[in-house]
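Thanks for coming, everyone. Let me put the structure up, and then we will walk through it.

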Amino acid sequence: MCELELTNKKNKYPMKPIFVFTLICSAFLVYSFSIYLQPVASAKSELPGEGKMVWQKYNCQSCHQLFGLGGYLGPDLTNTYSEAGKGAVFIKAMIEVGTKQMPSFKMDETEMRALLAFLEAMDQTGKSDPRSFTIHANGMISQ
Ligand code: HEC
């Protein structure tokens with residue numbers, strides 16, 4: 001009786017568990033290694049990424065928003081780069097000179113270039129102001 005049970009148990013697993021375990025482990029290793037070997041998708045330039053660090057270093061976010069998120073003392077800067085009459089020169093001047101409400105920032109040329117590249121890249125990701133959208137009678141939205 002006892003022997004019969006043992007033989008039945010043996011037949012229940014045609015593949016040895018250790019074989020399955022080894023197979024799964026090797027599949028995992030092969031897959032992980034193939035992912036590890038894949039080239040990392042990198043941005044065209046590192047500059048906007050560096051500019052984000054400058055943005056954080058000088059805490060622009062405490063007074064300004066990007067896509068509506070941030071402090072509300074100053075205006076949203078998502079699209080300032082492409083706004084008519086503004087752009088890189090205007091932004092640079094604002095940062096260097098400041099106003100009564102905004103402090104001026106003393107940053108070096110490298111930081112300034114990176115920050116402008118960040119704001120340019122930000123501008124290209126979309127429009128932040130929802131008031132520029134029109135809702136039509138049929139429910140469609142256009143810009
Ligand atoms: C203490 C709050 C504060 C901080 C910090 C601050 N700003 Fe400002 N910023 C303002 C205010 C307030 C205005 C509006 C100024 C005005 O109209 O007089 C402004 C205006 C601007 C403008 C002009 C926007 C427009 O559309 O007219 C730019 C560009 C700008 N800031 C960039 C920056 C950048 C870049 C940083 C970080 C290096 C920064 N600001 C940090 C408060 C701040």
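One term before we start: contact means heavy atoms within 4.5 Å. Now the ground rules. This is a predicted model, so local features need pLDDT of at least 70, side-chain atom pairs count only at pLDDT 80 or more, and totals for chains, interfaces and linings use all residues. Residues are numbered from 1 along each chain as its sequence is written, and side-chain values use heavy atoms, with hydrogens and water left out.

First, the overall picture. The protein has 5 helices and 4 strands. Helices here are DSSP runs of H or I, at least four residues, and strands are runs of E, at least two, both numbered from the N terminus. Along the sequence the pattern reads α-α-α-β-β-α-α-β-β. Of the 143 residues, 22% are buried. Buried means under 20% relative accessible area, exposed means over 50%, and partly exposed is in between, with a 1.4 Å probe and protein chains only. Take the contacts between residues at least 6 apart in sequence: 45% of them join residues at least 24 apart.

Let's start with Q65. Q65 sits in strand β1. Is Q65 buried or exposed? Its relative accessibility is 6%, so Q65 counts as buried. Its side chain makes polar contacts. A polar contact is a pair of N or O atoms within 3.5 Å; within protein, one must be able to donate a hydrogen and the other to accept it, and residues adjacent in sequence count only if both atoms are side-chain atoms. The Q65 side chain reaches the backbone oxygen of G71 at 2.6 Å. It also reaches the backbone oxygen of G74, at 2.9 Å. Setting aside neighbours within four places in sequence, Q65 touches G70, G71, Y72, G74, P75, D76, L77 and T78.

Next, helix α5. It runs over residues 109-124. At the N-terminal end, D108 caps α5: a side-chain oxygen lies 3.2 Å from the backbone nitrogen of T110. After the helix comes G126, with a positive phi near 155 degrees. Buried residues in α5 include L115, F118 and M122. The buried residues of α5 pack against α3 (47-57), β1 (65-66) and α4 (88-97).

Now to α3. Which residues of α3 are buried? They are G51, V54 and W55. These cover an arc of only 105 degrees around the axis, so they lie on the same side of α3. The arc is that of the directions from the helix axis to the C-beta atoms. The face turned away from that buried side carries the exposed residues M53 and K57. What covers the buried residues of α3 includes β1 and α5.

On to the aromatic rings. The structure holds 3 aromatic pairs. Rings of Phe, Tyr and Trp (its six-membered ring) pair if their centres lie within 6.5 Å; planes under 30 degrees apart count as stacked, over 60 as edge-to-face, and the rest as tilted. W55 and F118 have ring centres 5.8 Å apart and planes at 50 degrees, so this pair is tilted. It links distant parts of the chain: W55 is in helix α3, F118 is in helix α5, and they are 63 residues apart. W55 is buried, at 4% relative accessible area. F118 is buried too, at 7%. Y58 and F105 form an edge-to-face pair, 5.7 Å centre to centre, with 80 degrees between the planes. Y58 lies in the loop between α3 and β1 and F105 in the loop between α4 and α5, so the pair ties together parts 47 residues apart in sequence.

Most residues other than glycine have a negative phi. N59, in the loop between α3 and β1, has a positive phi near 60 degrees. F67, in the loop between β1 and β2 (69-70), has a positive phi of about 50 degrees.

Last, the ligand. How many residues surround the ligand? There are 22, and the closest are C60, C63, H64, K86 and M102. To be counted, a residue needs a heavy atom within 4 Å. A ligand nitrogen is 2.7 Å from an N or O atom in the side chain of H64. A ligand oxygen is 2.7 Å from an N or O atom in the side chain of K86. A polar side-chain atom of T99 lies 3.0 Å from a ligand oxygen.

Conventions
Expected span 1.5 Å × (residues − 1).
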